[in-house]
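Please read them with the structure displayed.

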Amino acid sequence: MPAPVSTMPEDAPATASPGEVLLNVENLKVHFPVMSGVLRPRRIATIQAVDGVSFDLRRGETLSIVGESGCGKSTTALAVLRLQALTSGRIVFDGEDIAGHGGRRLRTVRRRMQMVFQDPYGSLNPRMTLHEIIGEPLLVHGFARDRAQYNARIAELIDLVGLLPDMATRYPHEFSGGQRQRIGIARALALEPDLLICDEPVSALDVSIQSQILNLFLDLQERLGLTYLFISHNLSVVRHISDRVAVMYLGRIVEIAPADELFANPKHPYTQALMAAAPVADPGVEVARPSAVMIGEVPSPRNPPSGCRFHPRCPHAFAPCSTIDPAFDLVGPTSRVACHLYTTPTPSHDLVEAVKNA
């Protein structure tokens, strides 16, 4: 094992007041060129994976991003952490715009922003022991003054995520899926980050293990004051862990609201369709609840529809939907929705009420 290096950074920023904005994302775009040709390649199209996403995240809260596969939620998470190049937009972390950072400046910021990945096995080096996996960030960032502090911090992290001290010499293949994800969480916490970006962290786990890992996230948030950007397609998981929820469709956020409000009264037709598609354990409720079925297939991000991107599949679409992008406006005291039904005076009162009650 390499000897611990350097000293703990002395220029770490002071902890800010609870509830203040930690992360602000403004008009984030991530576009991928589609190239043709070998000797003289040329761009023939553009895939608009993320196209104008904006949100803020307050210190100590959990914001979840949900949507169908391919909607851009994981790309958004990678772009926030600067693991994916941005086409344009601003990423303001704790008052500092990091969209243009690189090299040492970006490395300093990344110490405070860590990621828990979807695959609890593929994200771990199979040739390293638990002790080495958790200790690697401490070495890379010079976060331990000496070997005693290095070993003590690793032991503290192992205990923090509910693993046993005698597991430290084991390799990833000797752990279960849930234990591997605990290792990934411990590694992410090694540098005492302010923000954890969790990309589908329980989707590869059994249902019973999912609940254990989610409860661990909640416990760690309470104990350490962590802030989460949580990516998931599982609405029951999102409901359990979220303070607020952002719903993405084809590269854009179409609705964002407090979790309780969004699940009790989803406003955007796409959000309503997602809720209707989620199974309910109670057969009586399942039979009695109204349906909001989406028609057609998800359009390609290579050639998204004009106007509202959901309008080809929306049962409530009317004239402006096909030509005009809906404004992402405040609807009620705490919800924002990008839908002409709420922001354009043309639709009748009866139609709006029908959508609200769908």
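1. The model is a predicted one.

2. Helix α6 itself comprises the 18 residues 207-224. At 1.5 Å a residue, α6 should span 26 Å, and its end C-alpha atoms lie 26 Å apart, which agrees.

3. The buried residues of α6 are Gln210, Ile213, Leu214, Leu216, Phe217, Leu220 and Gln221. These cover an arc of only 155° around the axis and therefore sit on the same side of α6. An α-helix has 3.6 residues a turn, so residues three or four places apart point the same way. Glu222 and Arg223 are exposed on the face of α6 turned away from the buried side.

4. The largest nonpolar core holds 41 residues, of which Leu130, Ile185, Leu189, Leu196, Phe217 and Leu220 touch the most other members. Elements giving two or more residues to this core include α3 (130-140), α5 (177-189), β7 (195-199) and α6. A second, separate core of 30 residues includes Val25, Val80, Ile91 and Met248.

5. Arg313 lies in the loop between α10 (283-288) and β11 (328-331). Because its relative accessibility is 6%, Arg313 counts as buried. Its side chain makes a polar contact with the side chain of Glu68 (3.4 Å). Leaving aside neighbours within four places in sequence, the contacts of Arg313 also include Tyr249, Met294, Ile295 and Pro299.

How values were computed
Residues numbered from 1 in each chain as written. Predicted model: local features only at pLDDT ≥ 70, side-chain atom pairs only at ≥ 80, totals over all residues. Heavy atoms only, no water. Helix = DSSP H or I, 4+ residues; strand = E, 2+ residues; numbered from the N terminus. Expected span 1.5 Å × (residues − 1). Buried < 20%, exposed > 50% of the residue type's maximum accessible area, 1.4 Å probe, protein only. Arc of directions from axis to C-beta. Polar contact = N/O pair within 3.5 Å; in protein donor to acceptor, adjacent residues only side chain to side chain. Contact = heavy atoms within 4.5 Å. Core = buried A, V, L, I, M, F, W, Y, C linked by side-chain atoms within 4.5 Å.
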